[in-house]
Amino acid sequence: QVKNVVITGIMGEVPSFSQVSRALAQEETSIYNRLRSIDEDVEFVDIVAGNYNHLPLIANLRCGAWYHPEFDGEVHFKSADGHCGQWKVSLKRLNLHLIPLLQQHGGCILVDSTRKGRSLPDSFSRTVPMWCAVINRLAQRLDSVNQQWDNGRLHCPGSIVSPQEQCLMEELLDKRVEAILSSKIDLDLLKIFLQRPLRAAWITTKTYLEKPDDHPLSDVDIGLDSGDWDKFNIIVCVCASVPVDTEHRSTYTYVQGAGDDEETWSLGLTPQMFWANKTDILSGDPTTCPSRVIDIVSRHTDSDTDCISRLLLDKAAVSERVWLQQIGQTQLSLGNRFSAVPPWCFERFDAVILCCLDSELPICKKDSRMLHIPIPPKKKHKDEFNLYLPSTLRFVRKHLALDSRILIASANGYDRAAAVATAIVTAFLTVDFGIHWDDRQNLTIVHPKLSKVDIVRSLQNIRQLVPLACPSRYTMRKLTTFFLSSPLPPEDIWNGAFSSDKT
């Protein structure tokens, strides 16, 4: 890119300072430099994981997912929730599925990164501490007998969060607790599993560099008091990157927080693809790295397409690629596209809702037990989601009356399928996942008075049981529009006879 700017200057118009600066910045943060930086940062993550090898390794999505080939779980603590003046504990990202793991192991190692020379992302310095304090206060409210909950105190890294800011955050803690309680989100995971309060600790590359090689980190070094490991479940927040923004190395330019904003640089590469093909991607000329990445992404996509065609004839190959998870004790399950391949999907399920395009799962033979709703991935769907929801909900109501086992499937099962499942739970199920029948004999379900809180609660209750369920914000906005905006959904979603054109 820099060469192109220079050539432009030689051949004609002289490039401006901003053009040259932009080209240099793009070259410094190229996909090769980013992936080399990530590979280097993982060495530090491995060191920390080795020192705390009794703790599970958890990725903080999305950036954190790049910083190790093998994680034990995923959460989503968003930096924006911790920005000054926000200090939120999002109902959409309560991360309660982490509670059993924390209690079982006494804590976890949580991995993320940040940019612009900072030592910790806001997700670690503010969002996680806020979450810990709110969860502790919730636990104290839910358990009037056990008062050993640290009094719901807020513990932030003093080198980053000022006493004034911490005071402002503390003033919001009770308000955040009340918001969760009033949402009526299922808190059983908290009530059943959490036996000790939560507390955050922090490790950065600077933390290690300041210690002599023969001196291990003490509790004080990572923001704890002596004896805290016996009193708390500790979330060890590890910022993987060196706080230098960019730095020229012998063979590449180091990029701090290289995994951030992946949609702007990854060319379709995922963390899983990177670690499976790391040697091929990073070997060779750095300038041809984008071509190698595009080739790998293309091969992966092509192999999926070819594989799907073969899968229609090969049951064993289907089974190897199936991802499937039941939503608690309900009749609903989420699955990827391989879980929906007929005829084998009907060995497990009585009805299947397939939320993807024909190109993602080319099934030719139609079956009345399968409802195909061709919703494009990501933000490519505009009106399709809301267009197909009425027929989808009618289809589900009919099968709920038959006690059918229902699969909701999409390419990976996380976004589109999870959004449809959220719509089903919002429309038909109670807070404890019971079906709110009005007249079961006539297949009539109570039409609830809905609000945005009900939709958020439905998603959060699903995510407690299926942590990977994560519809995009764009998709969730579509769902909110469907239920709450004019024109409202047709009444025959909840009652009325079924005609062939509606199911």
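Modeller: Let's start with R457, which has 12% relative accessibility and so counts as buried (buried is under 20% relative accessible area, exposed is over 50%, partly exposed is in between, with a 1.4 Å probe and protein chains only). Before going further: this is a predicted model, where local features need pLDDT of at least 70 and side-chain atom pairs count only at pLDDT 80 or more, while totals for chains, interfaces and linings use all residues. Residues are numbered from 1 along each chain as its sequence is written, and side-chain values use heavy atoms, with hydrogens and water left out.

R457's partner is D454: their side chains form a salt bridge with 2.5 Å from N to O (that is, a side-chain nitrogen of Lys or Arg within 4 Å of a carboxyl oxygen of Asp or Glu). D454 is buried too, at 14% relative accessibility. Both residues belong to helix α17, residues 452-465, and sit three residues apart, about one turn of the helix (helices are DSSP runs of H or I with at least four residues, strands are runs of E with at least two, and both are numbered from the N terminus).

Now the packing of α17. Its axis and that of helix α18 (residues 473-484) come within 10 Å and cross at roughly 135° (axes are lines fitted to C-alpha atoms, for helices over the stretch in contact, and angles run from 0 to 180 degrees between N-to-C directions). That angle makes α17 and α18 oblique to each other; under 35 degrees would be roughly parallel, over 145 roughly antiparallel, 65 to 115 roughly perpendicular, and the rest is oblique. The crossing of α17 past α18 is right-handed, the near helix being turned clockwise from the far one by less than a right angle. On the α17 side K452, I455 and L459 make the contacts, and they meet M476, L479, T480, F483 and L484 of α18 (contact means heavy atoms within 4.5 Å).

Back to charged pairs. The structure holds 22 salt bridges. One of them joins K278 to D39, 3.2 Å from N to O. K278 sits in helix α12 (278-282) and D39 in helix α3 (31-51), so this pair ties together parts that are 239 residues apart in sequence. K278 is partly exposed at 27% relative accessibility, while D39 is buried at 19%. In another, R249 bridges to E40, with the closest N and O atoms 2.7 Å apart. Since R249 lies in the loop between β6 (246-248) and β7 (253-255) and E40 in α3, the pair links parts 209 residues apart in sequence. R249 has a relative accessible area of 25% and is partly exposed; E40 is partly exposed as well, at 27%.

Then the open sheet: five strands in the order β2-β1-β3-β5-β4, with parallel pairing (two strands pair if DSSP finds at least two bridges between them). The edges are β2 (73-75) and β4 (198-203), each pairing on one side only. Neighbouring strands are turned by 30° against each other on average, direction ignored. Take β3 (107-112): three bridges join it to β1 (57-60), running parallel, and A59 stands opposite its V111. Six bridges join β3 to β5, again parallel, with I234 of β5 as the bridge partner of G107. Six of the six residues of β3 are buried: G107, I109 and V111 point one way, C108, L110 and D112 the other. Helix α4 (98-105) lies across β1, β2, β3, β4 and β5 (233-239), at about 125° to β3.

I424, in helix α16 (416-428), is buried at 0% relative accessibility. Beyond residues up to four places away in sequence, I424 touches L332, I353, L393, V396, I408 and L429; the C-alpha atoms of I424 and L332 are 9.3 Å apart, although 92 residues separate them along the chain. S333, in strand β9 (332-335), is buried at 6%. Leaving aside neighbours within four places, the contacts of S333 include Q325, F349 and I408.
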